[in-house]
Amino acid sequence: MRGVILAAGRGRRMRPYTDDVPKAFLEFDGRTLYDRQRDLLEPYADGTSVVLGYRHETVLERYEPVDPIVLEGWDRYENAASLLLALERIDDDLLVINGDVLVDEREVGRLAGAFDALDGRLNLVGCIPGLQSAETAIRWDETGRVSAYGLIEGHQHAGFGVVSREHRTAAMRILRERLRDWYPCVYPRTPTRPLLIPAERHVELNRPTDLGRLRAWLASDRIRCA
């Protein structure tokens with residue numbers, strides 16, 4: 001499959017750190033989140049693309065990312081448009097990760113292994129166990145299929161997953177109708193199963209207060225991250 005990093009958004013809550021670049025290109029210990037994400041996906045993907053929008057000229061000039069996809073009009077849409085553009089360009093299973101998320105490499109491996117075990121018949125979405133209503137969430141029914149996503153009570157969306165090539169056409173149709181929505185809206189509308197991951201093996205950069213938490217996470221001897 002192909003890796004896709006979604007990094008088109010402005011990241012307003014991270015100002016002033018994102019005045020010049022999107023969150024995926026903030027540097028920690030001399031490396032960007034994007035670099036670490038590419039290394040995480042590399043063992044499981046035949047190459048990784050990155051969807052850019054905000055400050056994409058700066059990113060292209062300063063960092064020269066591999067296989068960039070530029071979303072024109074990024075400021076008019078939500079990240080559903082980013083995933084749609086990737087799906088239109090890439091006819092393959094997509095291993096998708098948000099540009100502000102890092103996951104322990106063991107969990108990326110579990111995701112890829114679970115997808116292989118399903119022979120690509122279902123999408124998979126990572127989520128953190130435990131009902132909550134503070135972050136966007138996933139719920140599923142008694143059959144284990146994802147049934148709801150959004151600002152709802154459920155298990156926190158962990159910002160990574162696989163969209164199967166088998167459901168590519170349906171996903172594109174759904175996203176075209178929801179360009180101002182968040183891309184995980186495809187999961188309840190196409191056959192998808194959740195993958196529960198331990199909260200301590202996931203970190204997300206939303207606000208400046210998360211910077212210290214991310215640095216501590218990267219430094220922890222309990223974490224395996226590129």
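I began at proline 208, which sits in the loop between strand E13 (202-204) and helix H6 (210-219). Helices here are DSSP runs of H or I with at least four residues, strands are E runs of at least two, and both are numbered from the N terminus. The model is predicted, so I note the limits: local features need pLDDT of at least 70, side-chain atom pairs count only at pLDDT 80 or more, and totals for chains, interfaces and linings use all residues. Residues are numbered from 1 along each chain as its sequence is written, and side-chain values use heavy atoms, with hydrogens and water left out.

**Proline 208**

Is proline 208 buried, exposed or partly exposed? I read 30% relative accessibility, so proline 208 counts as partly exposed. The cut-offs are under 20% relative accessible area for buried and over 50% for exposed, with partly exposed in between (1.4 Å probe, protein chains only). I then listed its contacts, meaning heavy atoms within 4.5 Å. Not counting residues up to four places away in sequence, proline 208 touches Arg13, Met14, Arg15 and Tyr17. I also checked the distance to valine 108, 100 residues away along the chain: the C-alpha atoms are separated by 26 Å.

**Proline 16**

The bond from arginine 15 to proline 16 is cis, with omega near 5°. Proline 16 lies in the loop between strand E1 (2-7) and strand E2 (27-28).

**Positive phi**

I looked up two residues here. Arginine 55 is not a glycine, yet its phi is positive, near 50°. I find arginine 55 in the loop between strand E4 (48-52) and helix H2 (56-63). Its relative accessibility is 39%, so arginine 55 counts as partly exposed. Aspartate 119 is not a glycine either, and its phi is about 55°. Aspartate 119 is in the loop between helix H4 (105-117) and strand E8 (123-132). I note a relative accessible area of 61%, so aspartate 119 is exposed.

**Helix H4**

I went back along the chain to H4. H4 has 13 residues and spans 18 Å from its first C-alpha to its last, close to the 18 Å expected at 1.5 Å a residue. That expected span is 1.5 Å times one less than the number of residues.

Which residues of H4 are buried? I count Glu107, Val108, Leu111, Ala112 and Phe115 as buried. They cover an arc of only 140° around the axis, so they are on the same side of H4. The arc is taken from the directions from the helix axis to the C-beta atoms. An α-helix has 3.6 residues a turn, so residues three or four places apart point the same way. Asp116 and Ala117 are exposed on the other side of H4. The cover over the buried residues includes helix H1 (33-41), strand E6 (94-98) and strand E11 (154-163).

**Asparagine 98**

I moved to strand E6, where asparagine 98 lies. Its relative accessible area is 14%, so asparagine 98 is buried. What does its side chain join in a polar contact of 2.7 Å? The partner is the side chain of tyrosine 183. A polar contact is a pair of N or O atoms within 3.5 Å; within protein, one must be able to donate a hydrogen and the other to accept it, and residues adjacent in sequence count only if both atoms are side-chain atoms. Leaving aside neighbours within four places in sequence, the contacts of asparagine 98 are Leu6, Gln37, His157, Gly159 and Tyr183.
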